[in-house]
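Here is a short briefing on one protein chain. Please keep the sequence and the model open while reading.

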Amino acid sequence: MDFYLKENGVRTSFEYGQMNISGDETFGFRPYQLMVASIAGCSIGVFRKILDKQRTDYEDIKVTAEVERNPDEANRIEKIYLHYVIKGYHLNQDKLLKNLEISQKNCSMVQSVQNSIEVEETLECIQLSK
């Protein structure tokens, strides 16, 4: 990966496209947003793979992320709350919670920050009927 210094931040390019990074969100993604997006994106991706392998019948999964930062330590990320809302048919909340634990153990981004950022996950099921 190559990163180029620009007047208001940094630019990089990937196969998918160009990304601008800046402490000022009018010029690009803020670094903490990218960190949270990486953790949430990896976590939901691993969770989905587990559900698909088990043939869990779901219609939609949404994750909401909230972040706790410490202004006394360079505004570092201390904790990320990930709240999953899964809509589906005949959902078993206990089984889904176990799958969420497995996904956290297999998410490379969560594991990368394991001893520095606390990641807490909660789950809400919305039962749909056919």
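Ile102 is found in helix H2, residues 93-106. Helices here are DSSP runs of H or I with at least four residues, strands are runs of E with at least two, and both are numbered from the N terminus. The model is predicted, so local features need pLDDT of at least 70 and side-chain atom pairs count only at pLDDT 80 or more, while totals for chains, interfaces and linings use all residues. Residues are numbered from 1 along each chain as its sequence is written, and side-chain values use heavy atoms, with hydrogens and water left out.

- Ile102 counts as partly exposed because its relative accessibility is 41%; buried means under 20% relative accessible area, exposed over 50%, and partly exposed in between, with a 1.4 Å probe and protein chains only.
- The C-alpha atoms of Ile102 and Phe47 are separated by 8.0 Å, although the two residues are 55 apart along the chain.
- H2 has 14 residues and reaches 20 Å from its first C-alpha to its last, close to the 20 Å expected at 1.5 Å a residue. The expected span is 1.5 Å times one less than the number of residues.
- Leu96, Asn99, Leu100 and Ser103 are buried in H2.
- Seen down the axis of H2, the buried residues fall within an arc of 105°, so they line one face of the helix. The arc is that of the directions from the helix axis to the C-beta atoms.
- An α-helix has 3.6 residues a turn, so residues three or four places apart point the same way.
- Asp94, Lys98 and Lys105 are exposed, on the face of H2 turned away from its buried side.
- The cover over the buried residues of H2 includes H1, E5 and E6; contact means heavy atoms within 4.5 Å.
- At the start of H2, a side-chain oxygen of Asn92 comes to within 3.1 Å of the backbone nitrogen of Asp94. A polar contact is a pair of N or O atoms within 3.5 Å; within protein, one must be able to donate a hydrogen and the other to accept it, and residues adjacent in sequence count only if both atoms are side-chain atoms.

**Helix H1**

- H1 covers residues 31-53. Its 23 residues should span 33 Å at 1.5 Å a residue, and the end C-alpha atoms are 33 Å apart, which agrees.
- The buried residues of H1 include Val36, Ile39, Ala40, Val46, Phe47 and Leu51.
- The cover over the buried residues of H1 includes E4, E5, H2, helix H3 (108-112) and E6.
- Just after H1, Arg55 takes a positive phi of about 55°.

**The three-stranded sheet**

- An open sheet of three strands has the order E4-E5-E6, with mixed pairing. Two strands pair if DSSP finds at least two bridges between them.
- E4 and E6 (118-127) stand at the edges, each with a single partner strand, so one side of each is left without a neighbour in the sheet.
- The twist averages 15° from one strand to the next. Axes are lines fitted to C-alpha atoms, for helices over the stretch in contact, and angles run from 0 to 180 degrees between N-to-C directions.
- E4 and E5 (residues 76-88) run antiparallel and are joined by 12 bridges.
- Within this pairing, Lys87 is the bridge partner of Asp60, and Ile61 stands opposite Ile86.
- E4 and E5 form a hairpin with five residues between them, and Ala74 in the turn has a positive phi of about 60°.
- E5 and E6 run parallel, joined by 10 bridges; Leu82 stands opposite Glu121 in E6.
- H1 lies across E4, E5 and E6, at about 35° to E5.
- H2 lies across E5 and E6, at about 150° to E6.

**Asn70**

- Asn70 is in strand E4, residues 58-70.
- Asn70 is buried because its relative accessible area is 16%.
- Beyond neighbours within four places in sequence, Asn70 is in contact with Asn75, Arg76 and Glu78.

**The whole chain**

- The protein chain has three helices and six strands, in the order β-β-β-α-β-β-α-α-β from the N terminus on.
- Its C-alpha atoms fill a box of roughly 55 × 35 × 25 Å, taken along the principal axes.
- Of the 130 residues, 29% count as buried.
- Among contacts between residues at least 6 apart in sequence, 56% join residues at least 24 apart.
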